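Work through the exercises below with the coordinates open. Each task is followed by a solution in steps.

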Amino acid sequence: MNLEFTAEELAFRDEVRSFIEENYPKHLGDAGMREDMSPEDMVAWHKILGEKGWSVPSWPEQHGGTNWTPTQRYIWLEENARVNAFMPLPFGVSMVGPVIYTFGSEEQKERHLPGIRSGDVWWCQGYSEPGAGSDLASLKTTAVRDGDHYVINGQKTWTTLAQYADWGFFLCRTDPDAAKPQEGISFILIDMKTPGVEVRPIKLIDGGYEVNETWLTDVRVPVENLVGEENKGWTYAKFLLAHERSGIAGVARSKRAVEKLREIAGKELLDGEPLIEDLDFARKVSQLEIDLAALEITELRTLAGEQAGKGPGPESSILKIKGTEIQQRLTELTLEAVGNYGAPMYGQIDDAGSNQYPIGPEYAQHSAATYFNMRKTSIYGGSNEIQRNIITKMILGL
Amino acid sequence: MDFNFTEEQEMVRDGLSRLVREQYDWDTRRGAVESDAGWRPEIWAQLAELGILGMPFSEEDGGFGGGAVDAMIVMEEFGKGLVVEPFLPTVVCAGGFLKHAGTDAQKEEHIGGIVDGSRVYAFAYAEPRGRYDLADLQTTAKKDGDGYVLNGHKAVVVGAPWASHLVVTARTSGEHRDRDGVSVFVVANDAKGVVRRDYPTVDGRRASEVYFENVSVPADALIGEEGGALPLVERVADEAVAALCAEACGAMKVAHAMTVDYSRQRKQFGVPIGKFQVLQHRMVDMFTEYEQSVSMTYLATLKLDAPEKERKRTASAAKVRIGQAARFVGQEAIQIHGGMGMTDELAIGSYFKRLTILNAEFGDVDHHMKRHIALA
Ligand SMILES: Cc1cc2nc3c(=O)[nH]c(=O)nc-3n(C[C@H](O)[C@H](O)[C@H](O)COP(=O)(O)OP(=O)(O)OC[C@H]3O[C@@H](n4cnc5c(N)ncnc54)[C@H](O)[C@@H]3O)c2cc1C
Ligand SMILES: Cc1cc2nc3c(=O)[nH]c(=O)nc-3n(C[C@H](O)[C@H](O)[C@H](O)COP(=O)(O)OP(=O)(O)OC[C@H]3O[C@@H](n4cnc5c(N)ncnc54)[C@H](O)[C@@H]3O)c2cc1C
């Protein structure tokens, strides 16, 4: 066992670092932290990576992957986190992409994978419904075969960034009489411009609009958009969720956020001394770093297992639980660090080009909104309670 | 020992609770918070009419003879409705200064206006780099003839956009964080040289950055002793802490009730999610946290007249306990609501936000834990 990078790995790191330095759009700055990005900003890096052939590193080589080792992938994420890069959205890259190249038809691969790689096609995930959240298998949206089309009716909700999406992957009930709720569900790709698809924004507690209700009314979708076999969608959905989870750990991003927290706590004062020198505060930051170190090695062990041919299994639930707890704790501590300046609602204060007094230090802005927003991480992608249920059943055998 | 409320106190609670129920429903509140004004002066007038604004003042000061327990009852009911009207800065803070240290003339001038609702106050004490230290003041008040000239910057002054007057802490002598040299002034909000930057806060109130640029005030703007006001400021801050704790209790109670209610309605896997033991136990823990918080709020409120050290230690203990409880209850409430908890549409998100922000007001958990240790 050995944690040191080899000479080749160090060379790879340097290559990656200089590529990022030369190519990451400067105007995106600390984009990973910003809540107010335009859709163009969100795909800018994805498109650059697409051209370089680095947008889907974890895919098999024949579909445009890089064949990087787990260590290289780890280095890649680390280096991006150093500049706090806004990484390609997961819906195409780590969710539907792997489903399509694993279970999809040749036509689907040809048609959809290039757009996912290049970042030209924006995907969204249509799983959840008002009555089907944690209990996803109880979903009601129906797809009824009519000649060479499915006619789809139902309501999806919480569809992240669907307002910009070109395509969505949806779970629909194709056999209402199936014996178990998990059966009779199909995985269908829908062009979001198809008549009958309507997306309505939902405002969240941080003031942002990242999720939507998606209404599907007599939406006619060609049968060739069915992925894999009819009524076998649950298998693909589960496959995808395990992939989704390993992305949610967010170790590299959290490491960068800890650095940022240290910077902030170095500027804030307590009794005239930097807050970070206060033992109580320093202890909390260290606790985070310690938990993060443990999570990092756990993730590396998972990645290594994956490389050795073990697909992401129920262990990824550990990554989801700890990763999101750490992310939430980080935003909580950042809010704590800024003291009274957590309270102003910066979203509604227009400082741009103003010669008025600014409100509080720049780093305090959005600290509360980010904290509020990050409560979502223990809810989505299978809530942390559901992750614990998975570990209970699959690992503890209870 | 007696944990009962008097008949009058029960009446006040009933009246307020009806007002909150009938006029502070969720949609109406949201409309008011998002309006240009950001609050409802007509509610303020109604509170004055009901005698609420005069309740904690003695009869000789022009009030109705109540005290801290009455303020606690009011704040708890306000917490239940997430009332944004500035009772805490006006009645508890400004009222507190006047009550404890105002001259007869000052009491006559100011308390009457508080009681009848014609005046609103904001308490400008925090400074950008002072964190929660009440003595960490860079705002200065220099003697100038009979009066003083104020210069400085106060941070996140809650209620300032609505206020007719500001109560301001400033240094008349001494260094940056000295205990000596702290004085308190009352200044008209429209006085020459008062420059404000107003903004909404994430929990639905309004606040300002307030800049004092050579603001001249007369001698009788000084409340209490020149240079020796820190103990007074600390006392009023402890009273504010107790009031905030009460508000938090009200908000926690409702957040908990909403969560239990939601867990009864919301079905997943064919059963109400409240049937999952893991959620049941967490709602029990929320409830326990709430009950402990009520106890600490009583304790802090009842010790406000205790000897200084005991008062401070109890106030800090309460703020620590409530800060922790408020965070726990708020986070769990959102989690148990699932995706719905994240929406702006549901009231629970606003309870969560208020429970988050009040942790920092008048000192957060770490600050009060340190003070509690230092006073051991
Ligand atoms: C910001 C955000 C973005 C999202 N993006 C997407 C998206 O792009 N596409 C998509 O399809 N979905 C998306 N979701 C939906 C997300 O997957 C669901 O919110 C999640 O699955 C939880 O479902 P729910 O909200 O209905 O909560 P519920 O299932 O109603 O859960 C409420 C509470 O009960 C708990 N609970 C439920 N069942 C159990 C049980 N058996 N044991 C113990 N506790 C239980 C939950 O953990 C939670 O705490 C998003 C959600 C959010 C908040
Ligand atoms: C030091 C000591 C002194 C004692 N003195 C006395 C005595 O003087 N007289 C006497 O009669 N008894 C006495 N007891 C026994 C005591 O009352 C039992 O230990 C207790 O009731 C728990 O029962 P158990 O040990 O069989 O654990 P179990 O009932 O087997 O419980 C094991 C675990 O499962 C949990 N659990 C059980 N049911 C549920 C549920 N429905 N939901 C969630 N969790 C559950 C428990 O909380 C526990 O964590 C004593 C025990 C100890 C340790």
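**Exercise 1.** How many residue pairs are in polar contact between chain B and chain A, both at pLDDT 80 or more?

Solution. The model is predicted. Between chain B and chain A, the count is 27 residue pairs in polar contact. Next, take the elements on the side of chain B that touches chain A: those giving two or more residues include strand E3 (147-158), helix H8 (277-302) and helix H10 (347-357) of chain B. H10(B) gives the most, with five residues. By class, this side has 18 nonpolar, 12 polar and 17 charged residues.

**Exercise 2.** Describe the extent of the interface.

Solution. Start with contacts: 47 residues of chain B touch 54 residues of chain A. Then take the area: about 4400 Å² is buried between the two chains, and carbon and sulfur atoms give 55% of it. In chain B, the residues losing the most area to chain A are Arg131(B), Arg197(B) and Met342(B), together 19% of what that side buries.

**Exercise 3.** Locate a salt bridge between the chains and classify the exposure of its partners.

Solution. Seven salt bridges are counted between chain B and chain A. One of them pairs Asp344(B) with Lys203(A), with the closest N and O atoms 4.0 Å apart. Asp344(B) lies in the loop between H9 and H10 of chain B, and Lys203(A) in the loop between strand E6 (197-202) and strand E7 (211-222) of chain A. Asp344(B) has a relative accessible area of 15%, so it is buried, under the 20% cut-off. Lys203(A), at 30%, is partly exposed.

Conventions:
Residues are numbered from 1 along each chain as its sequence is written. Chains are lettered from A and ligands numbered from 1 in the order in which they are written. This is a predicted model: local features need pLDDT of at least 70, side-chain atom pairs count only at pLDDT 80 or more; totals for chains, interfaces and linings use all residues. Side-chain values use heavy atoms; hydrogens and water are left out. Contact means heavy atoms within 4.5 Å. Buried area is the accessible area (1.4 Å probe) that two parts lose on being put together, summed over both. A salt bridge is a side-chain nitrogen of Lys or Arg within 4 Å of a carboxyl oxygen of Asp or Glu. A polar contact is a pair of N or O atoms within 3.5 Å; within protein, one must be able to donate a hydrogen and the other to accept it, and residues adjacent in sequence count only if both atoms are side-chain atoms. Helices (H or I, at least four residues) and strands (E, at least two) are DSSP runs, numbered from the N terminus. Ala, Val, Leu, Ile, Met, Phe, Trp, Tyr, Cys and Pro count as nonpolar, Asp, Glu, Lys and Arg as charged, and the others, Gly among them, as polar. Buried means under 20% relative accessible area, exposed over 50%, partly exposed in between (1.4 Å probe, protein chains only).
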